[in-house]
Amino acid sequence: YYNNLDFTTYILYIGRYQSPHKGHMTIFNETLKQRKKICIAIRNVITDEKNKLTAEEVKTLWEKVYEGNDNVKIIIIPDIESVKYGRGVGYSVEEIIVSDNIANISATEIRRQIKEGEIQWKEMVDDKIHKDSERLLSK
């Protein structure tokens, strides 16, 4: 019965990722450096001005960034209002503190720059998804 089940543990990251950027990657990569697996859980939100990308589009972008990395699982989850837990659930909830230059990376600013035809946003986004980000977010 258990032969086909995956009992691997992951560090879970939940977000909209509108758009994926190096701030997200810094946190993910720090966990990967610790030889831990990560699960990027993309909230399936309604597209609008703040959420231009569908969950599928976000998933495709992350798959390009982490292509061939077996330590990264990327999934789509329903939109989440909150995360709650009971006592003794067997996992912890932790905040990762990053430097100000990483914390200040803004997906809102990336979207604005792409829409305005600026190019500074490319410093905040992985090279592998520049063309796709520009195509998807300039619409």
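Student: How many nonpolar, polar and charged residues are in the lining of the largest pocket?
Tutor: The lining has 17 nonpolar, 7 polar and 3 charged residues (Gly counts as polar, and Asp, Glu, Lys and Arg as charged). The model is predicted: local features need pLDDT of at least 70 and side-chain atom pairs 80 or more, while totals for chains, interfaces and linings use all residues. Residues are numbered from 1 along each chain, and side-chain values use heavy atoms, without hydrogens or water.

Student: What volume does that pocket have?
Tutor: The volume of the largest pocket is about 970 Å³. Ile11, Leu12, Tyr13, Glu94 and Ile96 are the closest to its centre among the 27 lining residues. A pocket is an open set of 1 Å grid points where a 1.4 Å probe fits, with protein on both sides within 12 Å along at least five of seven lines; lining residues have an atom within 4 Å of a point.

Student: And which helix supplies the largest share of the lining?
Tutor: Helix H1 does, with 6 residues.

Student: New topic: where is Val93 found?
Tutor: Val93 is in the loop between strand S3 (72-78) and helix H3 (100-103).

Student: Why does Val93 count as exposed?
Tutor: Val93 counts as exposed because its relative accessibility is 59%, and exposed means over 50%.

Student: Where does Lys139 lie?
Tutor: Lys139 lies in the segment after helix H5 (130-137). Lys139 is exposed, at 56% relative accessible area.

Student: How far apart in space are Lys139 and Lys115?
Tutor: Their C-alpha atoms are 7.9 Å apart, although 24 residues separate Lys139 and Lys115 in sequence.

Key: Helix = DSSP H or I, 4+ residues; strand = E, 2+ residues; numbered from the N terminus. Buried < 20%, exposed > 50% of the residue type's maximum accessible area, 1.4 Å probe, protein only. Points joined across faces, edges and corners; volume = space filled by probe spheres on them.
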